[in-house]
Amino acid sequence: MIFLKLFLSFCYIGALSFGGGYAALPLIREQCVDLNAWLSMAEFSDLLTISQITPGPIAINSATFVGMKTAGIPGAVVASIGFMLPPFIIVTLIFLIFKKYGRLPLLQDILSGLKPAVVALIAVAGMDILFEAVWGSQAISLASTNIFTAALAVMAFTVMRIRKTGAISVILVCGIIGVLQHFVTGLLL
Amino acid sequence: MYAKTKKPTCWALFLNTFILSAFTIGGGYVMVPLMRERFVDKLGWIDRDELAELIALGQSAPGAMVVNSTVIMGYRLLGTRGAVSALLGTALPPLIILSAVCRFYELIRDNAYVSAALRGMRAGVAAVIADTVVNMVSPYLKRSGVTSLAIMAAAFLVSFLYDVNAGYVILSCGVLGIIIGAIRRKRGKAA
């Protein structure tokens, strides 16, 4: 019974989370914290932290986390499938429509509106991550600025523009530099 | 329209989406630079413009944008079996990793070295995204797509300053695209 409940709840979340992972969060909270008590509020905020430090889309991370908590690995699988099924069906329809009518001016017009919007949304995601890295949860001011991460971001960007370094290596090296800095400051203080 | 792209095998599709998903901390738009690097530059499965299209379509459906986009890519490259390979490849890493992390997440969450690494990685991710945005904006600047740049600026402002849900931004920009297209055609006929 728990499996059916998990499946249906995550189907609902999957079908309504327009706008990506963060749009799913209020729905996950409604289903898992408020309606079904699968998670406490503290566990829900842990879930957000974990989603940010583990790879992959946040919504699938959430489905796995909630499924694991309530019904072990089978629960994780059922919740994840539930979450992915409605979007999969909708995406299939979108693909079929574009395959058949993709050359229609109407669909081309829609795409020419969507593409620049997507660039903007990517830029916003980048700003959010930069702010989180440089200021954390503190108010933005000169005093609360983490000069180290700000400089690291600028350096990484410069290296990427000049040397065309791969994204994964840039991210990994920045992570290592972060650990080294923590280690060195620990030694000095 | 998509004839010039190379065709992968199902296994290659699975493997590459798996690696993409396994190495992207955070998810969402963080994955775009990696999709571009892997699918456009390295493998040549899709071109730059197609990537923007896949992301736009993936964002128009509910659910995780990356899963949706890789599924559409799978459909285009290899039909239904391609879509399923891409779905499994993208979805399995978070499923496996989270199942493992669940058991000892307090340890990971409260570890000072983990948070130091994450802070550094966030700086790196911000740089990677900035690089991608520059790459994605420059074709619009070159062909001076004023309308597109205006849509971009408006979408950025409402999303960044007013925190408007990405779904609404996408929806209204799609409608805007229809209106602009209709006006253009009307003018074209009149001229």
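Colleague: From the N terminus on, how do the elements of chain B run?
Modeller: This is a predicted model, in which local features need pLDDT of at least 70, side-chain atom pairs count only at pLDDT 80 or more, and totals for chains, interfaces and linings use all residues. Residues are numbered from 1 along each chain as its sequence is written, with chains lettered from A and ligands numbered from 1 in the order in which they are written. Helices (H or I, at least four residues) and strands (E, at least two) are DSSP runs, numbered from the N terminus. Chain B has eight helices and zero strands, and the order is α-α-α-α-α-α-α-α.

Colleague: What is the mean pLDDT of chain B?
Modeller: pLDDT is the predictor's confidence in each residue, from 0 to 100. In chain B, 94% of residues reach 70 or more. The mean is 85.

Colleague: What share of the residues of chain B count as buried?
Modeller: Buried takes 20 or more other C-beta atoms within 10 Å of the residue's own, exposed 12 or fewer, partly exposed in between, with C-beta atoms placed from the backbone. Chain B has 191 residues. The buried share is 50%.

Colleague: How many residues of chain B are in contact with chain A?
Modeller: Contact takes C-beta atoms, placed from the backbone, within 7 Å. Chain A brings 81 residues. Chain B's count is 88.

Colleague: Which helix gives the most to the side of chain A that touches chain B?
Modeller: That side divides into 55 nonpolar, 21 polar and five charged residues. Here Ala, Val, Leu, Ile, Met, Phe, Trp, Tyr, Cys and Pro count as nonpolar, Asp, Glu, Lys and Arg as charged, and the others, Gly among them, as polar. With 25 residues, the top contributor is H5(A).

Colleague: How are H5(A) and H7(B) oriented to each other?
Modeller: They pack at about 40°, axes 8 Å apart. Axes are lines fitted to C-alpha atoms, for helices over the stretch in contact, and angles run from 0 to 180 degrees between N-to-C directions. Under 35 degrees is roughly parallel, over 145 roughly antiparallel, 65 to 115 roughly perpendicular, and the rest oblique. The pair is therefore oblique.

Colleague: How many nonpolar residues are in the contact of H5(A) with H7(B)?
Modeller: Residues of H5(A), including A:Pro116 and A:Val124, meet residues of H7(B), among them B:Ile151 and B:Phe156. Four residues of this contact are polar and no residue is charged. The nonpolar count is 13.

Note on methods:
Contact = placed C-beta atoms within 7 Å.
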